[in-house]
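Hi everyone, thanks for coming.

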Amino acid sequence: MSLWFVLAVNSITLGGLLFLLSSGFSLIFGLMKIPNLTHGSFFMLGAYLATSLIAYGLDFWTAALLGGLGVALFGGLVERFILRRLAGAELAQVLVTLGLSFMVADVCLMVWTGDPIRIATPAALRGTASVAGLGFPKYRLAISLIAVVFAAGLWALLDRTRLGAMIRAGVDDAAMARVVGIRVSRLFTIVFCLGAWLAGFAGVIGGPILSVYPGLDGEMLPLALVVVILGGSGSLLGSLVGSFVVGFLYNFGQAMFPELAYVVLFLPMLIVLVLRPQGLFGRPAV
Amino acid sequence: MTRFPLALAFVALATLPLWMPGTYYVNIASQILFYAIFALGVNVLAGYAGLVSLGHAGLFGIAAYAGAKAITAGYGHSVVAVIALATTLVTAAVFAALALRGTGLGFVMITVALGQIVWGVAYRWISITNGDNGITITGRPFPFGLSLASPRGFYWATLVVFLLALASMAVFVASPFGASLQGTRDQPRRMNALGYHVWMIRFLAFLFSGFWSGVAGLLYLYYNQFVSPQMVALTASAEALLMVISGGTATLLGPIVGAVLVVVMKNVASAYIERWNFVLGAIFVVIVVFMPDGLVPGTVRVARWARSALGRA
Amino acid sequence: MTALAVSDLAKSFGGLRVTSGVSLAVEPGERRLIIGPNGAGKTTLFNLITGELKPDRGAIALFDRDITRVPSRRRFHLGIARTYQIITLFPRETLLRNVTLSLLGLSRLRWNPLVPLGRQHALAARAREVLARVGLDHLAERPLAQTSYGERRRVEVAMALAQNPRVLLLDEPFAGLSIEERRDVLRLVTGIPRDVTIVMIEHDMDVALDFAERITVLHFGEVVVEGTRAEVVAHPRTKEIYLGE
Amino acid sequence: MALSVDRRRFLVGAGGLTLATTLPRAARAQSRPVKIGLLTVKTGPLASGGIQMEQGTIRFLKDRNYTLAGRKVELIVGDTGGNPAGTKTKIQELVERDGVDMIFGPLAAFELLAISDYAAQAKMPILSLAAAEDMTQRKPNAYFVRASGTSAQYMHPLADYAAKEMKLKRLITIADDFAFGHEQMAGFQRVFEDAGGRIVKKLWPPLVTPDYTPYIAQISGADAVVQGFAGSNPLKFMKQYQDTGLKLPVLGNGTAGDEALLKSYGDEAVGMISCSAYTGDLDTPSNKKLIDGMVKDYGNIPGLYSAGLYINGQVAEAALEKTGGKTDDREAFIRALRAVSLTDTPRGPFTFDRLGNVVGTFYIRRTERKGDKLVNTTIKSYPKVSQFWTYDEKWFLAQPVYSRDYPPLKS
């Protein structure tokens, strides 16, 4: 098997997973101007919830949907009862989300113990599919597919619906959106729940590859952060491209420059921040 | 009026090893002191310059790494200190030059990226940093013939450095330059129109902040006698920021109170509370939500309110 | 010699041309008024002159010295001072401290991290003098947040005067003031000695016309009319785009 | 009043060794309980093993009714948070404030390295699982006892088995990129190559790696793969390894094939050959007792971590019996600890070498499916394995310590 081929396939898979995780992160960042540091916790919490649901007898996909829903509910509570009180205080929001991530991590440890929990790959997607003589792991292909479907769905939501128009208006200029009569606070809640749902769902979808264990939150959060900074906050296209860029940087960086793997990951983020602060696809702040 | 409590606090600090029951608490006190120095350094930016850095653990850690490398290479302790602080200052200058291209969240994000790069190197460039195992050193310095090997000796040395840091902060904050810095926090545009070099002021403040972070890092190295990537992690930066915010930004006392809170929570309270991580997170959330300007200003406000309420009664 | 010469200045934001080919020449000691409807590019012009924005093309000269490439903050050292349409002061600080910061900005002392600012008695005395000039010395110790809007406007002017400017740019100094307050500020501005050249953006024609010697009318980033008070008021384009509104 | 007492204590203490406990010697009557300090990780990513350590310790003490050699035992648990600085503070807490008589733990090598000097200065006996080689080799700590084994001690027998029994010729190693991984794979390499095999590639993913496939993709041209992961990483690795469709046999270290981890694995682990100091199917009374107790109390199958701490308890007990329950003479107590020789333990018979490291049986196991559970079946035992394997101690210690690049790959 060619190394480059495998690396490319995995870059795309990881990119797909990162897109699910970071699209919501990006919308929240773009709309509410906060880097939501609980986003990694949402990812982990979703996966943990799903392990319990699966143990309860639900099938994988239902567990993924419901796990996401549980996280969305939690996200909604966080937004309404905590972040709402801190509207406009960005630093406070950053710190509160960080504090919450400590709490979530500890609760997960308490409830699900520290043992790693494996999520079985759905039976239909086990093994590899052979395409042109090359073996693709089916489940990884499925993740890429799910990411594409979600990208299309999110794009339609943002571009074709009234809600989407309001979100876009809010991302561009929250003050202006308020002036034209959009209930920005309700929009915040919706977007936060949506973002939380996506992260939770991504956690479950990632489960069969990553499994669930304490510390998963801290592994995923920086990746999502890099995606959003690269792509530009609030830009769906940005997070899509950013996800795949990070997917490739991560996979090829680890393989080619193991000692500088993190530098390879964070340096592009730094360069973008310094040279093009709005990200590759973000709109410049006026 | 404030002289007396100050003198009392000084006497209490200076005699602490004499009345503290056991060396364990003296060691905790030393930790509080060097974390307070770190927090005071972070506060220069977060409090007085309005620039929130989530990458300061990078500076804190790089001083310790540089110091550890220098010690391993066999240099004497005064040379080690010079090397460590010079390295920190150079790194701080690079950090500042890059981070000051952004303000607000942009600044935060750039510092995150910078801090993560330092962490990535500490963690992965094993041939230089020894990776996860970190670098262990032996021995503490003997400044002016005083041994710092004992907890008490180390405490007193740290106390001296802490008082120097605090004094430098007090002088700095009250100085024209300190006033300029606070002006750039509140009205950068106006400051420019008043003829101030806003960028340079922030740059110098960054160096000042980095210097004390580096000093704290060096003390950390001598205290723990090792350095490892955890010291440089994002959570370490966040913890320092938490100290500043929980105590009260842009106050001299706030970061110190914050350092006490965090160190005590992490080290002492964890012996009694199994879920101390949860409690630490919860304290974080409660302080930010209910005492947004921190414990020190919050307490002052409550005290003032109580006094006026009593006065009315 | 001209106090302030602007030639062919242009600036666009994205695709929007906010200033296109503006040229101005203000004589020393002149009182110049710049008027124009909202979005005419008046404040942008000020920002270009002070260097707070970089022009796409064109040149700016201060007393015949080309300052186009001089960094913004240096221009204030060269004798430009300005006020802002939206009050840009230090609300938590006292009036004295506000003005002190202004004085400090042009002093080498501003880099000093070692001496206490509170002990700089000479500086404080000068700040009090400046406050006295705008009639606010009795409020010197009061935090800005506890003063009236009119008083804050006067502090804005005091901050600019403290810089001892040769060219003073006033951006709508009467905005949001009551009639009495306007009169106070006008008296203050009229009292500024002639060695200070003044360029003022103003909407309030009643007050401003009395004050101005020459008037420039901006519209969509271009100079439409320029001349003496009488000429401009009589010009049909002025009526059309501004007075006729 | 308290102040004056403390001042006096200071005056006395200032002349002596300040690191030692500040409790006046007179107060340390023999009637007081033996204090055991457990340094473990109960929060954060390493918590899994840390919690098992605590369970194993408590299980042992319950079996002995919290009495060892006639003395009551008090257990004080310190949560290091998996952080070296936290470990340092916690050991200070245990030593200086709580006045413990010995330390069990810590979990990770980097935690142990951070406190080793301190513990030696404080003359504090440490009974640890952490596998850092040099702790009992080139930089020995005189107060250190390790009943589990060095990193490479697990791998020497595995390499021997791979070369001689499995007849493997070319292997690729993959392990966490930190000292534990480095030392394991270096040990494996030395024995495997001395037996005529070749390591063709060594892969080092960082400890925190969500996706191993960039590394798995580099596996080719070998007969089998040796993995040396710890924590939750073996799980992720095996899953992702299976997903890429690779079919080469996998050999694993003790942490990869750990009994406590088996419940988290799926079928991808079936057939894995691992070597460990502990094995679940060992038929000794104490192992039975351990397993029954763990299942009853916690619903957990014990693995290396809980068994390791149970065994540490047995070591401490044996030493206390020899000293008549006395711990005050630290030198005598550490001598007693190192002289311990046990047969009925969950890991079978063992003794210690002069450096405080275990000489005992290591087990080669195959992971198999039994009903709906995975279990390890022991297929070969290597008795009396020393940390130096079959090499001469002097020669061994004259070599550089096992590391990422030593021994080097043969080109």
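Okay, let's begin between chain B and chain C, where the count is 3 salt bridges. Keep in mind as we go that this is a predicted model. One salt bridge you can look up joins Arg189(B) to Glu52(C), and the closest N and O atoms there are 2.9 Å apart. Which parts of chain B touch chain C? Well, α7 (151-174), α8 (176-186), α9 (188-193) and α10 (198-224) of chain B each bring at least two residues to that side. The one that gives the most is α8(B), with 7 residues.

There are polar contacts here too: 18 residue pairs across the B and C interface, both partners at pLDDT 80 or more.

How many residues are in contact? On chain B we have 24, and they meet 33 residues of chain C. Between chain B and chain C, the buried area is about 2,400 Å², with carbon and sulfur atoms giving 56% of that.

Now over to chain D and chain A. Here the contact takes 33 residues from chain D and 33 residues from chain A. About 2,800 Å² is buried between these two chains, and carbon and sulfur atoms give 56% of it. On the chain D side, Pro210(D), Lys239(D) and Asp243(D) lose the most area to chain A, together 19% of what that side buries.

What about salt bridges between chain D and chain A? There are 4 of them. In one, the side chains of Asp115(A) and Lys263(D) meet at 2.8 Å, N to O. As for the elements of chain D that give two or more residues to this side, they are α2 (47-63), α7 (213-216) and α8 (233-243). The largest share, 5 residues, comes from α8(D). The count of residue pairs in polar contact, both at pLDDT 80 or more, is 12 between chain D and chain A.

Last stop: helix α1 of chain B, residues 3-19. Its 17 residues reach 23 Å from first C-alpha to last, close to the expected 24 Å. Where does α1(B) bend? At Leu13(B), by about 40°, and Pro17(B) follows within four residues. That proline is buried, along with Leu16(B) and Leu18(B).

Methods. Residues are numbered from 1 along each chain as its sequence is written. Chains are lettered from A and ligands numbered from 1 in the order in which they are written. This is a predicted model: local features need pLDDT of at least 70, side-chain atom pairs count only at pLDDT 80 or more; totals for chains, interfaces and linings use all residues. Side-chain values use heavy atoms; hydrogens and water are left out. The expected span of a helix is 1.5 Å times one less than its number of residues. The bend at a residue is the angle between axes fitted to the seven residues ending there and the seven starting there. Buried means under 20% relative accessible area, exposed over 50%, partly exposed in between (1.4 Å probe, protein chains only). Contact means heavy atoms within 4.5 Å. Buried area is the accessible area (1.4 Å probe) that two parts lose on being put together, summed over both. A polar contact is a pair of N or O atoms within 3.5 Å; within protein, one must be able to donate a hydrogen and the other to accept it, and residues adjacent in sequence count only if both atoms are side-chain atoms.
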